[in-house]
Amino acid sequence: MFAYMTGIVAEKGHNELVIETGGIGYQLICSMNTVQNAGSVGESMRVYTYLNVRQDGLDLFGFESREEREMFLRLTGVSGIGPRTAIAILGSMPLRDLTLAILMGDTTALCRAPGIGKKTAQRIALELKEKITDDEVNALPQGMAATAQAAHRRDDPVAEAMIALQSLGYSQGEAMHALSAVKDKSDQSDELVRLALRGMM
């Protein structure tokens, strides 16, 4: 119904913006990132929107970019993830970090969002990994892009090794550092894991 609106930031609250346009103040439910990145009260802002129709009312959600709105819609397509939970996930980390967490199956990062347990985090990663586009991967900062590109290819042994190391409790940074030293020594994920573990001892 509404694609976006441009107006004046009239109020800023916790997970909420009020945008005044045409003499009307629209109350928008937003991620903490959108609220923090919004201009000061009195400044102009364009907000991308999504109208959620419920049985007992309407909720208007606001996003600082089309990309954030697209991720919101993907998240709400996952079983058990409602609009407000999706907003909480979006507010738990920058969008680029969320994209990488989904690609890498980083359930620890996904569990930082309020109300997200390990099983839900696994479901998010499993269901959304294939929905991340090449353009989104390529838009990541250079340091993240190489890892993300590997993870985006389902049969990539480095990506599989990365996921295996993280499942063993190593952080994303630790796993990336260890694999960068051995990634050219084998094309088998299990061998890469063995070599990476040896390098971390």
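Student: Which residues is V47 in contact with, leaving aside its neighbours within four places in sequence?
Tutor: V47 is in contact (heavy atoms within 4.5 Å) with Y4, M5, I19, L28, G62 and F63, its neighbours within four places in sequence being left aside. This is a predicted model, in which local features need pLDDT of at least 70, side-chain atom pairs count only at pLDDT 80 or more, and totals for chains, interfaces and linings use all residues. Residues are numbered from 1 along each chain as its sequence is written, and side-chain values use heavy atoms, with hydrogens and water left out.

Student: Is V47 buried or exposed?
Tutor: V47 is buried, at a relative accessible area of 0%. Buried means under 20% relative accessible area, exposed over 50%, and partly exposed in between, with a 1.4 Å probe and protein chains only.

Student: And how far is V47 from P114?
Tutor: Their C-alpha atoms are separated by 24 Å, and the two residues are 67 apart along the chain.

Student: Changing topic, which residues touch the most other members of the largest nonpolar core?
Tutor: They are L75, L98 and I124, in a core of 28 residues. A nonpolar core is a set of buried Ala, Val, Leu, Ile, Met, Phe, Trp, Tyr and Cys residues joined through side-chain atoms within 4.5 Å.

Student: What is L98 in contact with, leaving aside neighbours within four places in sequence?
Tutor: With those neighbours left aside, L98 is in contact with M71, L75, I89, L90, M93 and L110.

Student: Which residues does the second, separate core include?
Tutor: That core has 13 residues, among them M104, L179, L195 and A196.
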